[in-house]
Amino acid sequence: MNKYLFLLASSLILCGCSAAPISAVQTGSPSASPQISSDQHRTIDDISLSETPLTDFENLSAANTNDGSIVPSGSGDGLLKLGTAVRYCDPDVSDQFAYYCFEPGCKHHDPTCHSYIGNAQSFIAYQGIWYYTRQNDSDQFEIVCHNPETNERKVIAQYERSDDGRIWEVIGSMILSHGLLYVSIQRFETAEDTMQQTSTTYTDTINLQTFERKKLENCNDYDNFICGNGQKAVIVHSEPRESVNGSEYVFSELSVLDLTSGEKVKITDSDQGYFNFSDPYQLSYQDKLVYIESNNIHLLDLGTMENQVIYSSPKILSRAWFFGNHVRFLEKETDGSSLVESMIDLDGNNRQDYPELIDNEENVMKFGYQYLTEHGQIGRVMQGNNLISGWISEENYLRCDLDQVVSAKA
């Protein structure tokens with residue numbers, strides 16, 4: 001089993017269809033963007049907080065439950081600490097986490113506990129309901145819908161495992177987008193006569209109102225659902241390539257799939273220049289997608305399909321993500337020896353730099369971004385010698401005051 005899970009962790013496996021020509025996308029030109037210099041660095045007085053929530057919680061990637069992750073509760077700045085039982089914290093009230101349970105004297109170690117999720121492997125909270133994957137007593141992968149208020153639980157999807165073990169469907173990634181779960185499935189089959197094993201992949205979609213399941217049609221291996229707006233899905237295709245470290249998967253095509261018509265429009269591919277996604281956490285915001293191609297940060301409007309370059313630099317690195325109605329990214333300093341974290345408006349203007357958020361000795365981010373909440377963000381931060389999951393408010397982050405991180409306390 002570990003072998004199969006390792007393969008799934010190494011490869012991204014979601015849907016795709018035949019591509020429309022690149023000319024179907026309107027492309028803008030780069031905005032004039034200054035290079036970094038020391039006199040451009042932001043001061044405390046430059047801080048301007050967002051007037052709107054940093055996220056709408058409509059695109060969420062499942063977190064692993066076994067690494068002590070903190071994830072959004074799905075509203076406001078509520079936080080959930082994952083484990084065999086889930087703990088909750090509202091940082092506006094306290095920095096303490098308490099079990100999400102209403103039973104007096106509960107030990108939190110069986111399903112009578114409202115917070116108990118047992119051997120769950122990946123987890124998403126959405127509109128007050130929890131969705132998580134697990135393996136049942138027959139070793140089948142399944143998805144559970146869990147209402148923590150009432151403690152009602154329902155298995156909404158179950159995947160095949162034959163009694164002889166020759167057929168096994170394994171859940172890979174799980175992403176929620178606008179009321180649908182997109183679940184990547186890898187199907188292993190072993191031939192009885194030759195014992196040769198083959199694998200294929202497909203993507204399940206699950207409607208969270210009706211629990212209707214259906215496959216995303218016309219799909220190919222190594223296609224990945226990244227995010228969407230309810231009408232269109234952003235698809236990235238990855239290709240396996242051999243390297244000195246063995247097989248690795250390299251992004252080779254970015255497309256937008258119309259979920260009603262099935263039309264797929266190719267946005268870019270590796271022949272046009274290197275493109276990258278840092279994480280599938282916050283790549284879309286209010287109908288827009290951010291991605292990097294070669295040395296450019298692109299902003300794609302999923303409604304109009306207008307594609308604009310909002311920033312260009314030969315020193316930009318392969319990370320760009322939304323922070324409310326701003327885009328954050330990493331870039332090398334002009335001397336090329338160190339990094340700086342920066343933020344710009346969606347039109348590419350009003351750049352602010354945050355060199356204090358980079359560990360100059362390790363040349364890495366001090367706070368590794370994962371999820372957004374209404375007024376803050378969840379990420380990884382070093383506390384002493386330990387890398388822990390924590391939350392920080394937008395204001396404290398932009399003030400570079402990482403001493404204000406809220407982490408799970410026993």
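Q: How much of the protein counts as buried?
A: Bear in mind that this is a predicted model. Of its 410 residues, 53% count as buried.

Q: And what is the accessible surface like?
A: The accessible surface comes to about 18,700 Å². Carbon and sulfur atoms account for 44% of that.

Q: How many helices and strands are there?
A: Two helices and 35 strands.

Q: What share of the contacts join residues at least 24 apart?
A: That's 49%, counted among contacts between residues at least 6 apart in sequence.

Q: Switching to holes. How many cavities of 30 Å³ or more does the count come to?
A: The count comes to one. About 40 Å³ of space lies in the largest cavity.

Q: Which elements give two or more residues to its lining?
A: Strand S3 (59–61), strand S5 (70–72) and strand S9 (122–126) do. The largest share comes from S9, with three residues.

Q: Which residues line the largest cavity, then?
A: Leu60, Ser61, Ala63, Val71, Pro72, Phe123, Ile124, Ala125 and Tyr371.

Q: How do those divide into nonpolar, polar and charged?
A: Eight of the lining residues are nonpolar, one is polar and none is charged.

Q: How many aromatic pairs turn up in the whole structure?
A: A search of the whole structure finds twelve. One of them is Phe323 with Tyr397, a tilted pair with 6.4 Å centre to centre and 45° between the planes.

Q: Which parts does that pair tie together?
A: Phe323 is in the loop between strand S26 (316–322) and S27, while Tyr397 is in helix H2 (residues 394–398), so the pair links parts that are 74 residues apart in sequence. As for burial, Phe323 is buried, and so is Tyr397.

Q: What about Phe367 and Tyr397, why is that pair edge-to-face?
A: Because the ring planes of Phe367 and Tyr397 sit at 70°, and over 60 counts as edge-to-face. Their ring centres are 5.7 Å apart. Phe367 belongs to strand S32 (residues 367–372) and Tyr397 to helix H2, so this pair ties together parts 30 residues apart in sequence. Both Phe367 and Tyr397 are buried.

Q: New topic: where does Ile344 lie?
A: Ile344 lies in strand S28, which covers residues 339–345.

Q: Is Ile344 buried or exposed?
A: Ile344 counts as buried, because its relative accessibility is 0% and the cut-off for buried is under 20%.

Q: What is Ile344 in contact with, leaving aside its neighbours within four places in sequence?
A: Ile344 is in contact with Ile310, Tyr311, His326, Val327, Phe329, Asn349, Asn350 and Arg351.

Q: And how far apart are Ile344 and Phe322?
A: In space, 9.8 Å, C-alpha to C-alpha. In sequence, Ile344 and Phe322 are 22 residues apart.

Q: Last one: where is the place of Ser338?
A: Ser338 is in the loop between strand S27 (326–332) and S28.

Q: Why does Ser338 count as buried?
A: Because its relative accessible area is 18%, and buried means under 20%. Leaving aside neighbours within four places in sequence, Ser338 is in contact with Glu331, Lys332, Glu333 and Asn363.

Technical notes
Residues are numbered from 1 along each chain as its sequence is written. This is a predicted model: local features need pLDDT of at least 70, side-chain atom pairs count only at pLDDT 80 or more; totals for chains, interfaces and linings use all residues. Side-chain values use heavy atoms; hydrogens and water are left out. Helices (H or I, at least four residues) and strands (E, at least two) are DSSP runs, numbered from the N terminus. Buried means under 20% relative accessible area, exposed over 50%, partly exposed in between (1.4 Å probe, protein chains only). Contact means heavy atoms within 4.5 Å. Accessible areas come from the Shrake-Rupley method with a 1.4 Å probe; for residues, only the protein chains shown count as cover. On a 1 Å grid over the protein atoms alone, a cavity is a set of points where a 1.4 Å probe fits but cannot get out, and a pocket is an open set with protein on both sides within 12 Å along at least five of seven lines; lining residues have an atom within 4 Å of a point. Grid points are joined across faces, edges and corners, and a volume is the space filled by probe spheres set on the points. Ala, Val, Leu, Ile, Met, Phe, Trp, Tyr, Cys and Pro count as nonpolar, Asp, Glu, Lys and Arg as charged, and the others, Gly among them, as polar. Rings of Phe, Tyr and Trp (its six-membered ring) pair if their centres lie within 6.5 Å; planes under 30 degrees apart count as stacked, over 60 as edge-to-face and the rest as tilted.
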